[in-house]
Amino acid sequence: YLKRHVLGGKWLFFTAVSQWWSGNLFVVASGIYLGTAALGALRLGQSLFGVLNVLLQTFENYILPQTALKMQQSQSIGIAYLKEMNQKLVYVFIPVLLLVFIFSSFLITLAGGKDYTDYAFVLKGLSILYIFILLSQPLRFYFRSMQMNSHFFYAYFISLVFALSTSHWLISAYGLQGVIAGLISSQILLLTYWTIILQLKNINLWKSSTLY
């Protein structure tokens with residue numbers, strides 16, 4: 001059991017490190033390049049989305065072990081369960097994200113005051129980011145339930161390399177919009193890598209056993 005924990009856990013450890021830096025490098029860099037006002041607006045937006053983060057984490061903590069159990073019975077049963085639960089997740093979150101996108105100016109002004117009204121685009125950008133996070137959720141659950149932890153790490157490592165190589169240019173050239181673009185691009189890289197791996201393994205979650 002110790003050997004199995006070491007073999008599986010090392011990928012999760014490396015993933016946690018890469019995931020933290022790939023997700024926060026743009027945020028840290030924005031404070032250095034753009035100053036406290038822009039960083040405050042970004043952190044305010046992330047705080048408003050913190051409730052969604054808690055719900056997503058709660059959903060993952062419940063769905064992941066259930067998916068793993070059903071995958072042990074049959075992969076088709078596990079995928080069908082994953083499809084059903086992900087549809088419920090989409091039905092709940094998409095309307096919320098649309099409302100945040102539409103009323104971004106009102107929400108950020110309500111939360112931070114009139115000084116933050118000009119940063120309404122931050123909430124719009126984060127709404128788009130969370131759409132890609134929702135798209136990646138079924139792939140995350142599938143890879144985790146099938147214990148394909150190495151590919152979990154590789155995806156976040158690629159995302160980290162992208163953040164390291166582009167953060168200076170994106171933030172210097174586009175400011176806070178560049179930060180949002182970088183975060184969205186990182187999620188697209190995760191989604192693309194995991195999709196390619198499934199295609200190489202002849203596992204098609206998007207057609208016959210589509211998740212949407």
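Analyst: Let's start with Phe26, which counts as buried because its relative accessibility is 0%; buried means under 20% relative accessible area, exposed over 50% and partly exposed in between, with a 1.4 Å probe and protein chains only. Before going on: this is a predicted model, where local features need pLDDT of at least 70, side-chain atom pairs count only at pLDDT 80 or more, and totals for chains, interfaces and linings use all residues. Residues are numbered from 1 along each chain as its sequence is written, and side-chain values use heavy atoms, leaving out hydrogens and water.

User: Which aromatic pair does Phe26 form, and is it tilted or stacked?

Analyst: Phe26 pairs with Phe162 in a tilted arrangement, 6.4 Å centre to centre with 50° between the planes. Rings of Phe, Tyr and Trp (its six-membered ring) pair if their centres lie within 6.5 Å; planes under 30 degrees apart are stacked, over 60 edge-to-face, the rest tilted. Phe26 is in helix H1 (residues 2-34) and Phe162 in helix H7, so the pair ties together parts 136 residues apart in sequence. Helices here are DSSP runs (H or I, at least four residues), numbered from the N terminus.

User: How many aromatic pairs are there by this rule?

Analyst: The count comes to 14. In one of them, Trp20 and Trp21 have ring centres 4.9 Å apart and planes at 85°, so that pair is edge-to-face. Trp20 is partly exposed at 46%, and Trp21 is also partly exposed, at 41%. There is an aromatic cluster too, formed by Tyr142, Phe143, Phe152, Tyr156 and Trp194.

User: Back to H7. What does Ser159 touch?

Analyst: Ser159 sits in helix H7 (residues 149-174) and is buried, at 1% relative accessibility. Leaving aside residues up to four places away in sequence, Ser159 touches Ser22, Ser186, Leu189 and Leu190, where contact means heavy atoms within 4.5 Å.

User: New topic: which residues of H3 are buried?

Analyst: They are Leu52, Leu56, Phe59, Glu60, Ile63, Leu64, Thr67 and Met71. What covers them includes helix H4 (75-102) and H6.

User: And how far does H3 reach from its first C-alpha to its last?

Analyst: Helix H3 (residues 50-73) has 24 residues and reaches 35 Å, close to the 34 Å expected at 1.5 Å a residue. That expected span is 1.5 Å times one less than the number of residues.

User: Great, thanks for the tour!

Methods:
Helices (H or I, at least four residues) and strands (E, at least two) are DSSP runs, numbered from the N terminus.
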